[in-house]
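Have the sequence and the 3D view ready.

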Amino acid sequence: MMDIIKKNRFLVAVILIYLVLFMTNMEKASLSVGNSFYYIKEMLMIMPVIFLLTALIEAWVPKEMIMEYLGDESGLKGSFISLLLGSVSAGPIYAAFPVCKTLLKKGASISNIVVILSAWAVIKIPMLANEAKFLSPKFMAVRWILTTISIIIMGYIISKLVKREDIPMEEERIEEGRLLIKEKYCIGCGICRELAPKYFKIENQKAIVINKDIEEQWEEKIRKAKEKCPANAIVFSEAKKPGKRFNKELTEIE
Ligand code: SF4
């Protein structure tokens, strides 16, 4: 029970606030519940499309392509593409988060994610057209230029302050020292087997892990295979404690 409460502490806090509000100001509480349901309804309409989009990115867009165009080495080209992606997007900003998380998992850099999110929030093309109509084209152009410069600088600063390890990814939920293949994503390209033949082999056009006893001298190669895997199918959580390794039954050994 405590685990469930801990995992959903934000939701529990919101429910408690509502209860207090209902006891102290019924009118405001009803108004708040109405607003909440309005947003829940809006999210229920938008989020299935977004989850479909993230699943398509996950399954169809090769990791190497994301790394080339949006990764750490993508430079100005990456910033420009990110700006474009954010500007042509549609929908509320909360829809951008799952998309950005998928891009991040596939190798996009933190600075480019900041650019996408910020462009999505403040310089979407339909928004610019409205701005020019109501506040003049000159106002819109000057704001667009200054906002774009600020967004790129902000992306750079955030990438220095927030590291990839600070962002929770699915992999963190597996046991330390474990190596797995997400079978449904594997396209059987064989890159992992070439890089770490002691740990991977291809069977029925899918990679399988043949040795779960991770030796320290192989960790670098497994990490490389994970990075190079075009389908993002390898999950590897390195053992953080020196000497902590698992045998084939995943029982901890000294
Ligand atoms: S590199 Fe990735 S996609 Fe290719 S065989 Fe290995 S796990 Fe599958």
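**Starting from the core**

Look for Cys 100, Leu 103, Ile 113, Val 115, Ile 116 and Leu 117: among the 20 residues of the largest nonpolar core, these touch the most other members. Such a core is a set of buried Ala, Val, Leu, Ile, Met, Phe, Trp, Tyr and Cys residues joined through C-beta atoms within 7 Å. Buried means that 20 or more other C-beta atoms lie within 10 Å of a residue's own; with 12 or fewer the residue is exposed, in between it is partly exposed, and the C-beta atoms are placed from the backbone. Two or more core residues each come from α4 (63–70), α5 (75–88), α6 (96–105), α7 (110–122) and α9 (137–161). The largest share, eight residues, belongs to α7. Helices (H or I, at least four residues) and strands (E, at least two) are DSSP runs, numbered from the N terminus. In soluble globular proteins, nonpolar side chains tend to be buried together.

Keep in mind that this is a predicted model, where local features need pLDDT of at least 70, side-chain atom pairs count only at pLDDT 80 or more, and totals for chains, interfaces and linings use all residues. Residues are numbered from 1 along each chain as its sequence is written.

Now zoom in on Ile 116. Leaving out residues up to four places away in sequence, Ile 116 touches Ser 82, Leu 85, Gly 86, Ala 96 and Cys 100; contact here means C-beta atoms, placed from the backbone, within 7 Å. There's also a second, separate core of 17 residues, including Ala 196, Phe 200, Ala 225 and Cys 229.

Cys 229 turns up again around the ligand. Of the 14 residues there, Cys 186, Cys 189, Cys 192, Ala 207 and Cys 229 come nearest (a residue is near if its C-beta atom, placed from the backbone, lies within 6 Å of the molecule).

Next, hop to the loop between β2 (200–203) and β3 (206–209), where you'll find Asn 204. Asn 204 has a positive phi of about 50° although it isn't a glycine, and it counts as exposed because it has 7 C-beta neighbours inside 10 Å. Gln 205 is in the loop between β2 and β3 too, with a positive phi near 60°.

Finally, zoom out. The protein chain has eleven helices and six strands. Its radius of gyration, taken over C-alpha atoms, is 23 Å, well over the 18 Å that the globule rule gives for 254 residues, so the chain is more spread out than a compact globule. That rule is 2.2 Å times the number of residues to the power 0.38.

Terms used: Contact = placed C-beta atoms within 7 Å.
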